Amino acid sequence: MKLLFKYSFIFVCVLFLSSCASAPLKPPLGAIGQAIPPLDMSMPRQDVIHIVGPGETLWRISKMYDVNIDEVIKANRLESATKITMGQELLIPNAAPIRPVIPLYETDKWKYIIIHHSATDQGNAFSLYQLHLRRGFWNGLGYQFIIDNGTFGKGDGQIEISPRWIKQQDGAHCRAAGMNEQGIGICLVGNFSKEQVSEKQMESLVYLVDMLRKHYNIPKDRIMGHGQVPGAATECPGLRFPWEEFWSRLNSKE
Ligand SMILES: [Zn+2]
């Protein structure tokens, strides 16, 4: 019955598409939607200070806090919505608890998900961006996603999106086995050879990996740590990374 429904649905779509053949084609790299988790209504709204991360737009920031973009422009006396810069502090009035707003693209580029740690106690997308620029990585921040650990003004478990994801560019996170070209690089801030992954970081990691693997049809045996990539000689994401916990949580999602 379910299958029948699926095929009927596809049939209807085909009919619909063929009936409007003159409609403009969708650009291949435009975002086709966003993944946004539901608002946590149990938490109060409050004024917060947001530090603008690499590649963030006011539009996405206002969605992240469920506020009106004009309110943010007014509260910060911005000239326009485009006049924000990386590292700038913005007052977000009456903000809901922050949630990730992740654009999703129509592409068959992504075939693997590679998990990293920053190997630093502290950090955020902005600090890693600067670090990678100093190391000479083209385009700064080498990963597609960062999961913060509550340092450098970011929330514990906060998901930050790198400009490489927005632009759908190759990563600079794992040269082995061609993973820069076909692997989505997710970096958790912390050094998991010494420290624990926080509960909120694990929650966010499982949410992000589950959402990406479903959207891009990535099989579970193509989800791995940096050190598990053939040819990569590294202990990243750390000797104490809780793989058992990660897999049991990911497997409990359907
Ligand atoms: Zn790594």
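**Close-up 1. Helices α7 and α8 pack at an angle of about 50 degrees in this predicted model.** Helix α7 covers residues 199-216, helix α8 residues 243-251, and their axes lie 10 Å apart. Axes are lines fitted to C-alpha atoms over the stretch in contact, with angles from 0 to 180 degrees between N-to-C directions. Helices are DSSP runs (H or I, at least four residues) and strands likewise (E, at least two), numbered from the N terminus. The angle makes α7 oblique to α8; under 35 degrees counts as roughly parallel, over 145 as roughly antiparallel, 65 to 115 as roughly perpendicular and the rest as oblique.

**Close-up 2. Residues at the α7 and α8 contact.** From α7 come M202, L205, V206, V209 and D210. From α8 come E245, F246, R249 and L250. Contact means C-beta atoms, placed from the backbone, within 7 Å.

**Close-up 3. The buried residues of helix α4 (residues 125-134).** They are A125, F126, S127, L128 and Y129. Buried means 20 or more other C-beta atoms within 10 Å of the residue's own, all placed from the backbone. These residues pack against β2 (46-51), β6 (145-149) and β7 (156-161). G136 follows α4 and has a positive phi, near 90 degrees.

**Close-up 4. Residues 1-28 have pLDDT under 50.** pLDDT is the predictor's confidence in each residue, from 0 to 100. For this stretch the model has one contact beyond four places in sequence. Where pLDDT is low, the predicted coordinates should not be read in detail. The protein's mean pLDDT is 88, and 88% of its residues reach 70 or more.

Residues are numbered from 1 along each chain as its sequence is written. In this predicted model, local features need pLDDT of at least 70, side-chain atom pairs count only at 80 or more, and totals for chains, interfaces and linings use all residues.

Notes. Contact = placed C-beta atoms within 7 Å. Buried ≥ 20, exposed ≤ 12 C-beta atoms within 10 Å, placed from the backbone.
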